[in-house]
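I set out to record a few local features of this chain. The entries below follow the order in which I looked them up.

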Amino acid sequence: MKKDIHPDYHEITVIMTDGSEFKTRSTIGKEGDVVRLDIDPLSHPAWTGVYRLIDSGGQLAKFNKRFATFKKKPA
(Lines give C-alpha, C1' and ligand atoms only; values in the text may rest on other atoms or scores of the structure.)
Protein backbone atom coordinates (compact mmCIF):
# COMPACT_ATOMS: atom_id res chain seq x y z
CA MET A 1 0.00 0.00 0.00
CA LYS A 2 1.13 3.54 -0.70
CA LYS A 3 1.77 5.71 2.35
CA ASP A 4 -0.26 8.85 3.17
CA ILE A 5 -3.05 8.28 0.62
CA HIS A 6 -5.48 6.28 2.76
CA PRO A 7 -8.03 7.88 5.14
CA ASP A 8 -7.60 7.55 8.89
CA TYR A 9 -9.44 4.44 10.11
CA HIS A 10 -10.36 4.79 13.79
CA GLU A 11 -12.93 3.84 16.46
CA ILE A 12 -16.19 5.82 16.82
CA THR A 13 -19.38 5.36 18.85
CA VAL A 14 -22.73 4.96 17.05
CA ILE A 15 -25.94 5.79 18.96
CA MET A 16 -29.11 4.18 17.60
CA THR A 17 -32.57 5.82 17.67
CA ASP A 18 -33.55 3.88 20.81
CA GLY A 19 -30.47 5.15 22.69
CA SER A 20 -28.45 1.94 22.50
CA GLU A 21 -24.90 2.37 21.34
CA PHE A 22 -22.01 0.38 19.96
CA LYS A 23 -18.43 1.00 18.93
CA THR A 24 -17.20 0.44 15.41
CA ARG A 25 -14.35 1.50 13.20
CA SER A 26 -14.88 4.12 10.50
CA THR A 27 -13.28 6.87 8.43
CA ILE A 28 -15.98 9.34 9.58
CA GLY A 29 -14.77 12.18 11.82
CA LYS A 30 -11.90 11.53 14.17
CA GLU A 31 -11.02 9.09 16.96
CA GLY A 32 -13.72 9.00 19.67
CA ASP A 33 -16.42 10.90 17.71
CA VAL A 34 -20.09 10.05 18.26
CA VAL A 35 -22.55 9.45 15.39
CA ARG A 36 -26.26 9.73 16.25
CA LEU A 37 -28.51 7.96 13.77
CA ASP A 38 -31.85 9.44 12.65
CA ILE A 39 -32.82 6.27 10.79
CA ASP A 40 -31.62 2.77 11.59
CA PRO A 41 -32.92 -0.82 11.36
CA LEU A 42 -35.06 -0.19 14.45
CA SER A 43 -36.98 2.69 12.85
CA HIS A 44 -36.73 2.28 9.06
CA PRO A 45 -39.84 0.93 7.29
CA ALA A 46 -37.79 -1.53 5.25
CA TRP A 47 -36.95 -3.44 8.43
CA THR A 48 -39.95 -2.65 10.66
CA GLY A 49 -42.67 -3.37 8.09
CA VAL A 50 -44.58 -0.22 9.13
CA TYR A 51 -44.96 2.05 6.13
CA ARG A 52 -46.10 5.65 5.99
CA LEU A 53 -49.09 6.16 3.74
CA ILE A 54 -48.20 8.19 0.68
CA ASP A 55 -50.90 10.19 -1.04
CA SER A 56 -49.92 8.94 -4.47
CA GLY A 57 -53.50 9.12 -5.77
CA GLY A 58 -53.71 12.78 -4.86
CA GLN A 59 -50.32 13.46 -6.41
CA LEU A 60 -51.29 11.66 -9.61
CA ALA A 61 -54.60 13.51 -9.85
CA LYS A 62 -52.77 16.82 -9.38
CA PHE A 63 -50.28 15.88 -12.13
CA ASN A 64 -53.04 14.83 -14.54
CA LYS A 65 -55.00 18.03 -13.90
CA ARG A 66 -51.93 20.19 -14.43
CA PHE A 67 -50.92 18.55 -17.71
CA ALA A 68 -54.38 17.65 -19.09
CA THR A 69 -54.08 20.25 -21.87
CA PHE A 70 -50.98 18.57 -23.36
CA LYS A 71 -51.77 16.03 -26.03
CA LYS A 72 -49.66 13.10 -27.14
CA LYS A 73 -48.16 13.60 -30.61
CA PRO A 74 -48.83 10.87 -33.14
CA ALA A 75 -45.84 8.64 -33.86
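I began with Phe63 and located it in helix α2, which spans residues 56-66. I note here that the model is predicted.

I next looked up the surface around Phe63. Leu60, Phe63, Phe67 and Phe70 make up a nonpolar surface patch. Together these four residues have about 440 Å² of accessible area.

I turned to the strands. Strand β1 covers residues 10-15 and strand β2 covers residues 21-26. I found the two paired in the antiparallel sense, over six bridges. They form a hairpin, with five residues between β1 and β2. In the turn, I recorded a positive phi of about 95 degrees for Gly19.

Which residue of β2 is the bridge partner of His10? I found Ser26 in that position. His10 itself belongs to strand β1.

Finally, I listed what surrounds His10. With neighbours within four places in sequence left aside, His10 is in contact with Thr24, Arg25, Ser26, Thr27, Ile28, Gly29, Lys30 and Glu31. For Gly29 I also noted a distance: its backbone oxygen lies 3.3 Å from a polar atom of the His10 side chain.

How values were computed
Residues are numbered from 1 along each chain as its sequence is written. This is a predicted model: local features need pLDDT of at least 70, side-chain atom pairs count only at pLDDT 80 or more; totals for chains, interfaces and linings use all residues. Side-chain values use heavy atoms; hydrogens and water are left out. Patches are made of residues with over 30% relative accessible area and no salt bridge: like charges are joined within 9 Å, nonpolar side chains (Val, Leu, Ile, Met, Phe, Trp, Tyr) within 5 Å. Accessible areas come from the Shrake-Rupley method with a 1.4 Å probe; for residues, only the protein chains shown count as cover. A salt bridge is a side-chain nitrogen of Lys or Arg within 4 Å of a carboxyl oxygen of Asp or Glu. Helices (H or I, at least four residues) and strands (E, at least two) are DSSP runs, numbered from the N terminus. Two strands pair if DSSP finds at least two bridges between them. A polar contact is a pair of N or O atoms within 3.5 Å; within protein, one must be able to donate a hydrogen and the other to accept it, and residues adjacent in sequence count only if both atoms are side-chain atoms. Contact means heavy atoms within 4.5 Å.
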